[in-house]
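Here's a quick briefing to read with the model open in your viewer. Have a look at the fold, then go through the points below.

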Amino acid sequence: MKPTDLPLDQLSAGAEPQCFHCGLPVPDGSRWVVPVDGLERACCCPGCAAVARAIIDGGGADYYSARTAFATTPALAAEDEARFALYDSDPQQFASHAAPGQWEAAFSVEGIRCAACTWLIEQRLAQVEGVVSATMNAATGRLHVVWEEDRCAPSAILSAVHAIGYRAWPYDPRQHAGQLERERKTLFRRAFVAGLSMMQVMMYALPAYVADDGTLDASMAGLLQWASLFLTLPAIVYSARPLFSGALASLRARSLGMDVPVALGIGAAFLGSVVATVQGSGDVYFDSVTMFVFLLLCSRYLELGARRKAASALDRLLQGAA
């Protein structure tokens, strides 16, 4: 049994102070605390502190009074926090002084899809203690943050962004360009698969559109619908996966991003078509689903190309100014 699976009373009996959020031991000299019901609760790392503060600020303080076990800590969380903590020892490697006692730095953020993502990141960082300002540029994927060095650490900023479903790291031109190139290749593959599904599904949907009433045999129509169902699965399972994962991340963060209505529309049309296919009656929309996924991914591919050009232009401008 893992420590995070133990009941609260068993964990509280230990000699070591434990994290209020996950129950793991709190290291000596920990400065991460969360105010709960007028008391400061110690946390083991900035990630747990950021998550706990997000829960409390979102009106979910009852979660801590009603829970029967500590929150499960993801297997990668310890590795992420250790990586984030490396930036605390020497901020000068990526940050500069904005004012006496303040640091400023640019961060690359992965997973930005719309203006709602920008708003969510800025609002979340505004709640981090010691952050003076946070500005997210959706076009370039860069986040500019100013923080007080004695009240905030870079690891707290990175953990806060990570806690709401995005990946962030100090900005590096080569790493940022590599990340955009990886996004481009992945997005191209997803759009390619969606395009193939769309063309095949359109081919099977065409007889239903051009046939006169009563001329298309019912068994043949059912066979075409089942073929369309199986050909739509790659577009749903692979191509549209970022849309569903983005919608889930938005809902977890209690924010309605652009992916939420998109995922609802795709999911409703697909599930409705599956039900009609299984029952053998009703309209199916597999062609519309695959076409919508394909066109949406194509638009995001073009948007990513524009973001790359904007990032390159900004880098050249900064290099010229330097």
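This is a predicted model: local features need pLDDT of at least 70, side-chain atom pairs count only at pLDDT 80 or more; totals for chains, interfaces and linings use all residues.

Residues are numbered from 1 along each chain as its sequence is written, and side-chain values use heavy atoms, with hydrogens and water left out.

**Whole chain**

- The protein chain has 11 helices and 7 strands; these are DSSP runs numbered from the N terminus, with helices being H or I of at least four residues and strands being E of at least two.
- Of its 322 residues, 39% count as buried, where buried means under 20% relative accessible area, exposed means over 50%, and partly exposed is in between (1.4 Å probe, protein chains only).
- Among contacts (heavy atoms within 4.5 Å) with a separation of 6 or more, 64% are between residues 24 or more positions apart.
- The chain's accessible surface comes to about 17,400 Å², and carbon and sulfur atoms hold 60% of that; the areas come from the Shrake-Rupley method with a 1.4 Å probe, and for residues only the protein chains shown count as cover.

**Helix α6**

- Helix α6 spans residues 154–163 and is mostly covered, with 8 of its 10 residues buried.
- The buried ones are Pro-154, Ser-155, Ala-156, Ile-157, Leu-158, Ser-159, Ala-160 and Val-161.
- After α6 comes Gly-165, which has a positive phi near 100 degrees.

**Ser-239**

- Ser-239 is found in helix α8 (residues 218–239).
- Ser-239 counts as buried because its relative accessibility is 0%.
- A polar atom of the Ser-239 side chain lies 2.7 Å from the backbone oxygen of Arg-190.
- Leaving aside residues up to four places away in sequence, Ser-239 touches Arg-190, Val-193, Ala-194, Pro-234, Val-293 and Leu-297.

**Salt bridges**

- A search of the whole structure turns up 5 salt bridges, each being a side-chain nitrogen of Lys or Arg within 4 Å of a carboxyl oxygen of Asp or Glu.
- One of them pairs Arg-167 with Glu-110, with the closest N and O atoms 3.5 Å apart.
- That pair ties together distant parts of the chain: Arg-167 sits in strand β7 (residues 167–170) and Glu-110 in strand β4 (residues 102–110), 57 residues apart.
- Arg-167 has a relative accessible area of 47%, so it is partly exposed; Glu-110, at 24% relative accessibility, also counts as partly exposed.
- Arg-151 and Glu-148 meet through their side chains in another salt bridge (3.3 Å, N to O).
- Arg-151 is partly exposed at a relative accessible area of 44%, and Glu-148 counts as partly exposed at 22% relative accessibility.
- Arg-184 and Glu-181 also form a salt bridge between their side chains (2.8 Å, N to O).
- Why are Arg-184 and Glu-181 separated by about one helical turn? It's because they are 3 residues apart in helix α7 (residues 173–210).
- In general, an α-helix has 3.6 residues a turn, so residues three or four places apart point the same way.
- Arg-184 counts as partly exposed at 23% relative accessibility, and Glu-181 is partly exposed with a relative accessible area of 22%.
- Elsewhere, salt bridges with shared partners join Glu-129, Glu-148 and Arg-151 into one network.

Definitions and conventions
A polar contact is a pair of N or O atoms within 3.5 Å; within protein, one must be able to donate a hydrogen and the other to accept it, and residues adjacent in sequence count only if both atoms are side-chain atoms.
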